[in-house]
Amino acid sequence: MWLIFGGIAIIATFINLYLYTKGKNYHLAMAIGLSFTALTLVASYSMVSDWVNAEDWSALLDVVPTMSRAFWILTVISLLLNITPTFLELKNKKQIN
């Protein structure tokens with residue numbers, strides 16, 4: 001499930017950036033991108049919880065260290081890409097005034 005949520009988050013982030021470059025309202029796409037980023041993290045945490053309950057230690061030892069690092073990096077990238085249009089809009093407003 002986390003893979004589906006992650007894919008939707010990536011698509012929504014690119015739609016967010018595309019809408020901003022076209023001068024259209026990008027806020028809904030930004031909210032969707034950030035929401036699906038959060039859902040991705042919760043779904044992956046749920047998967048890890050299932051592994052703990054099943055006492056699947058080999059899966060935990062093999063996957064969790066890499067997943068943890070990847071999710072940190074991808075979450076930071078997602079946050080930065082999704083809020084970039086807001087910061088650019090604020091910067092442009094300051095230059096106009």
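Author: Start with L81, which is found in helix α3. Helices are DSSP runs of H or I, at least four residues, numbered from the N terminus. This is a predicted model: local features need pLDDT of at least 70, side-chain atom pairs count only at pLDDT 80 or more, and totals for chains, interfaces and linings use all residues. Residues are numbered from 1 along each chain as its sequence is written, and side-chain values use heavy atoms, leaving out hydrogens and water.

Reader: Is L81 buried, partly exposed or exposed?

Author: Buried means under 20% relative accessible area, exposed over 50%, partly exposed in between (1.4 Å probe, protein chains only). L81 has a relative accessible area of 31%, so L81 is partly exposed.

Reader: Is N82 buried or exposed?

Author: N82 also lies in helix α3. Its relative accessibility is 0%, so N82 counts as buried.

Reader: Which residues is N82 in contact with, leaving aside neighbours within four places in sequence?

Author: Contact means heavy atoms within 4.5 Å. For N82 the partners are T13, N16, A29, M30, G33 and L34.

Reader: Which side chain joins that of N82 in a polar contact?

Author: A polar contact is a pair of N or O atoms within 3.5 Å; within protein, one must be able to donate a hydrogen and the other to accept it, and residues adjacent in sequence count only if both atoms are side-chain atoms. Here the partner is N16, at 3.1 Å.

Reader: Where is I83?

Author: I83 sits in helix α3, residues 57-96. Its relative accessible area is 28%, so I83 is partly exposed.

Note on methods. Helix = DSSP H or I, 4+ residues; strand = E, 2+ residues; numbered from the N terminus.
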